[in-house]
Amino acid sequence: MKEDLDIFRELALGLLQEEALNPVAPTVSAEEIISLVDLDIEDAPLSEEAFKKSISGLLKYTPKTSTPEFFNQLFGGRQGKAVIGELLAAMLNNSMYTYKVGGPMIMMEKSIFKKLKTLVGYPTTAEGTIATGGSMTNFMAMLMARDKYAPEIRTSGQGPTLVAYTSQESHYSVDKNAVFAGIGKNNVRKISSDEEGKMNVQELANAIQKDKAEGKLPFFVNATSGTTVLGAFDPLREISKICQQEDLWMHIDGAYGGACLFSEKYKHLLDGCELSDSFSFNAHKMLGVPITCSLIITKHKKCMYDSFSNEASYLYQTDTDEINPGKISLQCGRRNDALKFWTLWKSVGTNGLKDMVDHQYHLADIAREYVRNNADYTLYNEGPSVNICFNYKGLSPDLLCNSLYEQSELMIGYGSFKGVRFVRLVTINANNSEKDIMNFFEKLEAHAETLLN
Ligand SMILES: *Cc1c(COP(=O)(O)O)cnc(C)c1O
């Protein structure tokens with residue numbers, strides 16, 4: 001293993017060099033790449049030199065998500081202290097289902113949830129776990145709600161017609177999860193959003209009444225805190241009022257914006273989150289932890305056990321349920337995704353996480369002001385949001401973004417809201433400085449001019 005660590009170090013240092021040299025990896029089509037990179041697997045083992053060479057080739061052409069030129073997704077940058085945790089988790093190779101196999105790692109994960117409970121404002125009896133991503137933590141919430149309101153589904157596979165509610169701007173996993181959960185995507189109501197991208201609460205109330213009148217059973221409302229395109233936050237307090245009146249499970253999909261809990265300045269965006277039944281958030285988005293690290297926490301510990309606990313004498317042989325979190329997992333074997341979040345949090349403290357979130361909003365303010373004060377741009381969303389949606393000189397956003405990618409200039413994508421398409425800049429990389437943001441605009445404008453001429 002010692003030699004392998006030397007190989008790793010050499011490759012990782014090479015990667016850092018490559019990132020500095022080519023912050024956007026050379027853009028090559030999927031057809032061409034197979035002739036450029038040594039991908040085929042042979043019968044005979046490789047020499048160490050050949051092994052390193054084929055890996056370096058692979059690294060060279062892989063998109064670089066940690067550089068200041070990557071704005072394509074809702075993650076970016078690299079937090080070294082989190083990477084330490086990620087690498088150690090691979091070295092240790094524990095599985096997070098029992099205390100017998102996870103040891104103190106089980107308690108380490110619990111200490112994260114202990115903090116999170118306080119931040120969300122849930123009682124100390126709340127329970128939490130980690131799944132493979134925001135889609136899956138949202139799935140867990142929907143399953144808990146389904147099993148609470150129609151427990152017979154667990155045994156017979158049959159039950160009432162359940163209906164879930166989410167906004168038009170919410171993540172596509174809500175539909176997908178309704179399919180997985182046997183609820184059916186025709187039983188997901190897409191509630192329209194207002195001009196800022198927030199759920200229309202009156203329409204939610206009306207839709208619930210209509211479904212009840214038709215003999216259906218409304219059971220679940222998914223509120224989004226940080227929508228994918230605009231970075232908008234649904235009004236949690238108003239939604240919770242309806243959920244309490246109608247006895248519905250209120251889940252908050254904070255995969256994107258949940259990290260605002262850490263910011264004194266922006267946690268008002270999550271005002272009322274303590275009134276929800278469950279809350280999920282991705283530490284691999286705004287907090288820069290390597291993919292994936294998605295946490296879910298619920299007030300209803302019993303519901304978590306009711307939905308996810310199964311007896312297994314070959315697995316649970318020691319200790320109590322309390323320290324055998326396999327009893328509340330979606331899967332069986334579970335990687336230690338907590339450690340990378342814990343190493344980051346431990347090293348920078350809660351104040352450090354707060355600074356990261358505040359810095360991203362600060363960069364967004366800089367970018368939004370630049371766009372607002374420049375007549376060549378059209379701005380499509382107001383803050384606070386780390387998403388800045390704009391067009392430049394009426395250029396088609398897909399043409400502009402695709403051309404920037406093809407020329408290996410910038411990785412940036414487009415989105416649309418109420419039928420209008422625009423470039424979506426996200427200031428999610430906490431390693432970026434104001435200068436990096438101004439460089440982004442400079443590059444985009446220079447490239448746009450070549451397309452306009
Ligand atoms: C990213 C995101 C998800 C999905 O999370 P994954 O980890 O990619 O599965 C769900 N909801 C929202 C609002 C998101 O931004």
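This is a predicted model: local features need pLDDT of at least 70, side-chain atom pairs count only at pLDDT 80 or more; totals for chains, interfaces and linings use all residues.

Author: Let's start with strand 3, which runs parallel to strand 4 (residues 188-191) and is joined to that strand by four bridges. Across that pairing, A164 stands opposite V188. To get from strand 3 to strand 4, the chain goes through helix 9 (residues 173-180), and this β-α-β crossover is right-handed.

Strand 3 also has a parallel partner in strand 5 (residues 217-224), this time with five bridges. A164 turns up again here, with F220 as its bridge partner in strand 5.

So how enclosed is strand 3? Six of the six residues in the 162-167 run are buried, so the strand is largely enclosed by the rest of the structure. Look at the side chains and you'll see L162, A164 and T166 pointing one way, with V163, Y165 and S167 pointing the other, and all are buried.

Now for the aromatics: the whole structure has 18 aromatic pairs. Take F262 and W345, whose ring centres are 5.1 Å apart with planes at 80°, so this pair is edge-to-face. F262 sits in the loop between strand 6 and strand 7, while W345 belongs to helix 13 (residues 338-372), 83 residues apart. Both F262 and W345 are buried.

Y370 and F441 make a tilted pair, 4.6 Å centre to centre with 35° between the planes. Y370 is in helix 13 and F441 in helix 15 (residues 434-452), so the pair ties together parts 71 residues apart in sequence. Y370 is partly exposed at 23% relative accessible area, whereas F441 is buried at 0%. Both belong to one aromatic cluster, whose members include F71, Y377 and F390.

Methods: Residues are numbered from 1 along each chain as its sequence is written. Side-chain values use heavy atoms; hydrogens and water are left out. Buried means under 20% relative accessible area, exposed over 50%, partly exposed in between (1.4 Å probe, protein chains only). Helices (H or I, at least four residues) and strands (E, at least two) are DSSP runs, numbered from the N terminus. Two strands pair if DSSP finds at least two bridges between them. A crossover is right-handed if, with the strands pointing away from the viewer, the path from the first strand over the helix to the second runs clockwise. Rings of Phe, Tyr and Trp (its six-membered ring) pair if their centres lie within 6.5 Å; planes under 30 degrees apart count as stacked, over 60 as edge-to-face and the rest as tilted.
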